[in-house]
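Please examine the structure shown below. A set of questions and answers then follows.

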Amino acid sequence: MQKYVKKTVAVSLCVGLMAPTLVACTKSGSGDSKTEKVLRIATSMGYGGDNEYIRQRFTELFEFANPNIKLEFISTSDDRYMYGGRPDPKEKPQDPMEKLKEVMTGDNPPDVVMVGYDQLPELINNNMLKQLDQDIAKDKFDTSDIVPAVIEGIKKVGSGKIYALAPTFYSSALIYNKKLFDEAGVQYPTDKMTWDQTFDLARRLAKGEGENRKYGFSFAPYNMGDDIFYASRTYTAALDLKVFDDKGEKMTVDSDQWENVWKTMLQLKTEKILPEPIDFSKRRSGPNEDFNPFMDDDFLSGRVAMSIISYGQISQYTNVMKNAANIKGITPFEWDVVTMPVHQEAPEYGGNIDLDGLMGINAKAQNAEDAWKFIKFINGEDWARLKATTTHNLVSRQKYIKPKDGAEFNIKAFTTLLPAPGLDYKIYREKPALHDVERLGSQKFQQVLQNKLQVRDALKQWQTEGDAMLQKIKENPNAPLDPMTQGG
């Protein structure tokens with residue numbers, strides 16, 4: 001709580017210092033700046049009723065610059081699931097997207113909606129969002145400086161049109177340990193390497209045995225153990241590889257493409273390219289344990305030569321390296337980043353990019369003028385400049401994307417690729433038990449790792465048993481299924 005209060009005070013002071021800039025930015029705005037107006041904002045992004053969180057992340061600068069515009073927030077998330085809540089299992093969960101659409105077309109509809117990138121196509125296809133291109137052209141709102149990962153990703157789902165904008169975004173890149181590459185005499189990785197090229201480099205870096213082994217690659221800096229099945233989603237994201245058909249009625253995993261993916265993952269595991277699970281039983285307990293807060297971080301500890309890393313972790317890594325002399329078990333080394341690996345058949349797409357704070361105007365907005373004013377402000381240059389140094393995400397304006405704290409690295413690695421095709425979350429909302437079908441795949445993959453099944457045999461079993469599960473789901477979409485009872 002104390003930490004939250006300090007953060008709030010710091011933010012308030014920051015806003016106060018920004019006052020002259022914000023006043024200057026809004027002097028030329030049109031309309032009566034004294035008449036009080038209401039702007040209603042709906043979100044399906046799971047913020048619940050935490051309006052303060054939304055304000056700190058996105059809206060407080062706009063509210064300060066526009067004191068006559070009162071913001072009202074509407075959450076369409078099912079709050080029964082917030083904070084570990086357990087609703088009646090017999091009661092069908094409320095679909096946040098359906099609730100959002102209900103609110104958007106109700107008697108007192110919101111003006112602005114904040115949604116996830118995967119939800120945007122559904123709203124566009126149902127003609128529920130106002131196209132923004134005319135407002136952009138009318139106000140000469142510059143979108144040329146918005147990073148391709150954001151603007152092209154938005155246009156892609158809008159058939160070339162813009163129906164929403166996002167002020168920030170999440171992104172990942174491939175971080176590498178220069179010291180390990182130099183010691184092995186291997187050239188550094190480069191932007192837009194293919195996954196095969198990345199894995200070939202990893203093989204050349206992997207060496208040693210036991211606790212002294214150096215691994216070539218990891219899907220995440222922190223040790224993930226045997227969870228390769230879910231980690232491999234990063235590998236398959238740009239391929240748009242599906243477990244079942246678009247209706248969720250027929251499995252699609254008994255295929256050469258799925259077999260190649262599983263064999264690739266299996267080979268990385270058997271060749272010990274990926275880190276082995278940590279054996280916690282060997283760790284000493286008690287006050288004398290040689291503990292450091294990063295001991296499970298395979299990359300910082302020098303056990304892994306390359307790892308997928310999110311932009312939000314970069315500041316921590318920079319600080320750890322600066323203070324390595326004071327952290328037991330950490331030896332400093334030079335590092336840099338390149339883009340996420342790509343597939344040859346989809347060279348423009350990365351697997352770990354997501355738009356944050358994606359906002360559009362409800363087609364039935366009562367206050368469309370201020371809704372556009374709001375979106376234009378939060379996606380404008382001044383907001384990006386003021387937020388660039390305080391957000392853990394990347395701002396969407398390229399001009400203000402710079403390394404923090406004097407760090408030097410290839411920051412363009414986080415902004416070069418486009419978002420991979422998103423999963424169709426609508427079908428998962430309609431049929432929650434489909435997650436059990438995926439868990440069945442994880443169990444089959446574990447059997448492959450344990451040499452109990454060959455890859456194609458495991459996929460055939462997943463196909464057959466999964467089809468049976470899909471039939472049961474078709475008969476009762478809300479019934480939970482236990483994959484262990486489905487013949488596995």
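Predicted model: local features only at pLDDT ≥ 70, side-chain atom pairs only at ≥ 80, totals over all residues.

Residues are numbered from 1 along each chain as its sequence is written, and side-chain values use heavy atoms, with hydrogens and water left out.

Q: How many aromatic pairs does the structure hold?
A: Rings of Phe, Tyr and Trp (its six-membered ring) pair if their centres lie within 6.5 Å; planes under 30 degrees apart count as stacked, over 60 as edge-to-face and the rest as tilted. By this rule, the number of aromatic pairs in the structure is 25.

Q: Is the pair of phenylalanine 299 and phenylalanine 333 stacked, edge-to-face or tilted?
A: The ring centres of phenylalanine 299 and phenylalanine 333 are 5.4 Å apart. Their planes stand at 80 degrees, so the pair is edge-to-face.

Q: Is phenylalanine 299 buried or exposed?
A: Buried means under 20% relative accessible area, exposed over 50%, and partly exposed in between (1.4 Å probe, protein chains only). The relative accessible area of phenylalanine 299 is 0%, so this residue is buried.

Q: Is helix α15 roughly parallel or roughly antiparallel to α16?
A: Helices (H or I, at least four residues) and strands (E, at least two) are DSSP runs, numbered from the N terminus. Axes are lines fitted to C-alpha atoms, for helices over the stretch in contact, and angles run from 0 to 180 degrees between N-to-C directions; under 35 degrees counts as roughly parallel, over 145 as roughly antiparallel, 65 to 115 as roughly perpendicular and the rest as oblique. Helix α15 (residues 434-449) and helix α16 (residues 455-475) pack at an angle of about 160 degrees, with their axes 9 Å apart. That makes the two helices, α15 and α16, roughly antiparallel.

Q: Is serine 159 buried or exposed?
A: Serine 159 lies in the loop between α6 (148-157) and β4 (168-170). Its phi is near 55 degrees, a positive value in a residue other than glycine. With a relative accessible area of 69%, serine 159 is exposed.

Q: In which loop does lysine 272 lie?
A: Lysine 272 is not a glycine, although its phi is positive, at about 55 degrees. At 36% relative accessibility, lysine 272 counts as partly exposed. Its place is the loop between α10 and β7.
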